[in-house]
Amino acid sequence: GWSAMASKDGSKVTTQGYHAYRKAAGELTGAKPPQGIEATMVLTSPNDLKVAFEMLDVNKEGALGKKQARDFLRCAGWCVPDDELDAMLVGRASSGVKAGTAERTKWNQKMLMDLLEENKNRENTSVASVQQALRRLASNRAKISRERIVEFISQDHDLSEADIDQVLGAIGMGGAKLLDCDQLAAKLLDRVCNPPSVLEMHELGS
């Protein structure tokens, strides 16, 4: 959830009419909303995802490496662990690769959009699984300290303490030293579906 929150960005989308229009146009190409969240995954239209791809393609190669391809899937709303994202990427790549050849290391935009289409009915994470993960991190307590989150995320994720504070601010839990695990999970996943606008993120960062 943290990576997805940090990756997603774009203009504010609030109207029900927008969702209805996109559904009618067959443009809902992102991940399914996490189980337990009553929301539509926004900012995942083909145009939104084109912007995400271009943003991640920093060297303008027209292709993304595995880490950036994972980030692209997170921009599309996927909140599953890295190994599941890798299985999606490699599974897609291996179908067109002869046995014995090297594993794919680059994905272009069409491959990734096809991948999203192929996985559109695949289950995303659930509120319950994120709640359980946070409780495990909190040594089976109902609340987790901000320090424990920072300590865990800084071990093997490319997120700084400032990034974590920005995410907590975006879900209305900024400044809290102790966070309710169940509430944190639900708010995080809701924000993945409905990310803050560029303006909101700018205000949170200032």
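**View A. Helix α3 (residues 46-56) packs against α6 at an angle of about 135 degrees, with their axes 11 Å apart.** Axes are lines fitted to C-alpha atoms, for helices over the stretch in contact, and angles run from 0 to 180 degrees between N-to-C directions. α3 and α6 are therefore oblique to each other (under 35 degrees is roughly parallel, over 145 roughly antiparallel, 65 to 115 roughly perpendicular, and the rest oblique). On the α3 side, Pro46, Leu49, Lys50 and Phe53 make the contact, and on the α6 side Gln109, Leu112, Met113 and Leu116. Contact means heavy atoms within 4.5 Å.

This is a predicted model, in which local features need pLDDT of at least 70 and side-chain atom pairs count only at pLDDT 80 or more, while totals for chains, interfaces and linings use all residues. Residues are numbered from 1 along each chain as its sequence is written, and side-chain values use heavy atoms, with hydrogens and water left out.

**View B. The whole chain has 11 helices and two strands.** Helices (H or I, at least four residues) and strands (E, at least two) are DSSP runs, numbered from the N terminus. In sequence order the pattern is α-α-α-α-α-α-α-β-α-α-β-α-α. The chain has 206 residues, and 41% of them count as buried. Here buried is under 20% relative accessible area, exposed is over 50%, and partly exposed lies in between (1.4 Å probe, protein chains only). Of the contacts between residues at least 6 apart in sequence, 68% join residues at least 24 apart.

**View C. Helix α6 (residues 109-118) has Leu112, Met113, Leu115 and Leu116 buried.** Viewed down the axis of α6, these buried residues fall within an arc of 155 degrees, so they line one face of the helix; the arc is that of the directions from the helix axis to the C-beta atoms.

**View D. Helix α4 (residues 66-75) contains Arg70.** Seven of the 10 residues of α4 are buried, so the helix is largely enclosed by the rest of the structure. These are Ala69, Arg70, Asp71, Phe72, Leu73, Arg74 and Cys75. Arg70 has a relative accessible area of 19% and is therefore buried. Apart from neighbours within four places in sequence, Arg70 touches Asp82, Leu85, Asp86 and Leu89. Just after α4, Gly77 takes a positive phi of about 105 degrees.

**View E. Lys60 lies in the loop between α3 and α4, and Ser139 in the loop between α7 (127-137) and β1 (143-145).** Most residues other than glycine have a negative phi. For Lys60, phi is positive, near 55 degrees. For Ser139, phi is likewise positive, near 55 degrees. With a relative accessible area of 60%, Lys60 is exposed.

**View F. α7 and helix α10 (residues 181-193) pack at an angle of about 135 degrees, with their axes 8 Å apart.** This makes α7 oblique to α10. α7 passes α10 in a right-handed crossing. From α7, Val127, Val130, Gln131, Leu134 and Arg135 make the contact, and from α10, Cys181, Asp182, Leu184, Ala185, Ala186 and Leu189.

**View G. Helix α8 (residues 146-156) includes Glu151.** In α8, the residues Arg146, Ile149, Val150 and Ile153 are buried. Down the axis of α8, its buried residues fall within an arc of 95 degrees, so they line one face of the helix. Gln155 and Asp156 are exposed on the other side of α8. Glu151 counts as partly exposed, because its relative accessibility is 44%. Between Glu151 and Glu161, which are 10 residues apart in sequence, the C-alpha to C-alpha distance is 9.1 Å.

Key: A crossing is left-handed if the near helix is turned anticlockwise from the far one by less than a right angle, and right-handed if clockwise.
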